[in-house]
Structure formats: structure tokens, C-alpha cells
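Here is a short briefing on one protein chain. Look at the sequence and the structure, then read the points below.

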Amino acid sequence: MPQLYAQKNAFILLNGVRAFSGFPYLMTCIVRSFYHFILLPKHWSRETCLEMARLQVLRNRLDTWLVFNKEYIIKHPAYGPPEKVAAPPACTIFLADRLMPAREITVDEDLKQRKAQLNKVIENVTEQGGYVTGDLNKGGRRPSPKEVRKIKGLQPDRVPKGLKRCPECGYYRGECLDNNPVHKGLLMKVYCRCQNDNLCARCGRLLAEFKLNANFYEAKTGSILHVPGFCCFRHKCPPS
Ligand SMILES: [Zn+2]
Ligand SMILES: [Zn+2]
């Protein structure tokens, strides 16, 4: 089989960013510099690809880029309107075929070859080793003195001030200071289960028990736990 996409041509520089050259595709941010790729058929129109990106982000609620070609790159933030950008984000860890695409994609010969090329890239990166972590700061930030005064300390039931129990799911939500020694004093956003909106683009079910790249409060241990984006890969669509 002729190798249309030799490995040396797997990348192209787009405005200073080394990007995978097998367009068109979607890139979804799993955690910082770790992206999931969905290759789209070359014969799909720009509108079809845009619609696919829109559907994907609406369900996954993870920042997604449509890299249609080297001139047309659209960022679809998890929330908010899409915008044209000059380059896709810099990526160091590549993965494919784990998040289900919103629409079924028929694999033709061209797509097969780009997939093989992407798999080679994934293989090379995996061989280089290393490991992925979620956001070690759990998305926390330094609070202002005013914020500290307002939410420092615990409520009578030992739950950090700033958190409220959700009447629907029974989990806590809000913003509070973290007591964990590693993150002590950082202001953390905490989500209850009802605020989990990361859905599988195909079956529409939740990708994980709690919101991705976000925190939840575990009352049993009194800790704020972080759910890194890559927890979504545990999801399997139920057999149809
Ligand atoms: Zn809730
Ligand atoms: Zn699914």
C-alpha cells in the first residue's frame, strides 16, 4: 500500500505550533497538552465538519478544536461561542479512538492512511514514556483577603464554609478553601453530581460519575477530590 502520509510529514508548523498534518480533524482537550483526536473524512464539507465539532463539544463539554485545514481552525470552547484561531493548541500527548464521535464516521482509504499515521505518532509518543497527571492544583487559585475572611473555617457539620448541600443529589457545591496540606488555602470550586454535564457524544450518557477536570467534595473523608479529564476513557457505550 503506498504510504501517502510518511511519518516525516506527520507534522506541520502552524503559526509556530507543531500540529498534526492529517486534516481535517477534531482535537479535544483532555488535560493540559493532552489531546484526543477524531479524524474526519476529507470529503466532508466545512459545514459538516463544523456541525460535527459543535455536536461534539455540546455533549462532551471539553474544549475542542476543528482543524479543517491549515488556514481554517476553529476553537469551540466547552461553553461559549466558537472562534477562528491562527493555530491549534500545542500538544505533547496524542490519543485517538477513545472518545466516541457524535456521528458515525465511515473509514475510507484516505482516512485509514491518516489514522495509521496518527497511530504511529501516538506510538512514538508512548515509547518516549512519561506519564500524565491532571491539574495538580485542582483548578484552585489564591483567594483575595476578602474572600478568605468570608469563607475561612468550617460549618457546624465540619463541612468547609462556602459549600452547600444540593437538595437534588445530596452532594456539595460552591467554592471553599482547601484544607489538604498540598493545596492549603487555595480557593477551590466544587461541583455536585447534578453539575456533571460531560456526556458521551454517541450514547448521551455521562462520561464519568463526576464532572471532568473539576472537583467534588467527599463528605466521608472531608476532602476535595479532583477528577482528571482522562477518567472519561473508562466510559463504554452500552450495547445498542
Ligand atoms: Zn446536585
Ligand atoms: Zn457512550
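What does the accessible surface of the protein chain come to, and what share of it belongs to carbon and sulfur atoms? The surface comes to about 13400 Å², and 53% of it belongs to carbon and sulfur atoms; such areas come from the Shrake-Rupley method with a 1.4 Å probe, and for residues only the protein chains shown count as cover.

This is a predicted model, in which local features need pLDDT of at least 70 and side-chain atom pairs count only at pLDDT 80 or more, while totals for chains, interfaces and linings use all residues. Residues are numbered from 1 along each chain as its sequence is written, chains are lettered from A and ligands numbered from 1 in the order in which they are written, and side-chain values use heavy atoms, with hydrogens and water left out.

**Whole chain**
- Along the principal axes, the C-alpha atoms fill a box of roughly 70 × 40 × 35 Å.
- The chain has three helices and 13 strands, which are DSSP runs numbered from the N terminus (helices: H or I, at least four residues; strands: E, at least two).
- Of the 240 residues, 44% count as buried (under 20% relative accessible area; exposed is over 50%, partly exposed in between; 1.4 Å probe, protein chains only).

**A strand pair**
- Strands S12 (residues 214-218) and S13 (residues 223-227) run antiparallel and are joined by five bridges; strands pair if DSSP finds at least two bridges between them.
- Ala214 stands opposite Val227 in S13.
- S12 and S13 form a hairpin with four residues between them, and Gly222 in the turn has a positive phi of about 65 degrees.

**Lys112**
- Lys112 lies in helix H2 (residues 109-127).
- Lys112 counts as partly exposed because its relative accessibility is 45%.
- Lys112 and Phe37 are 75 residues apart in sequence and 14 Å apart in space, C-alpha to C-alpha.
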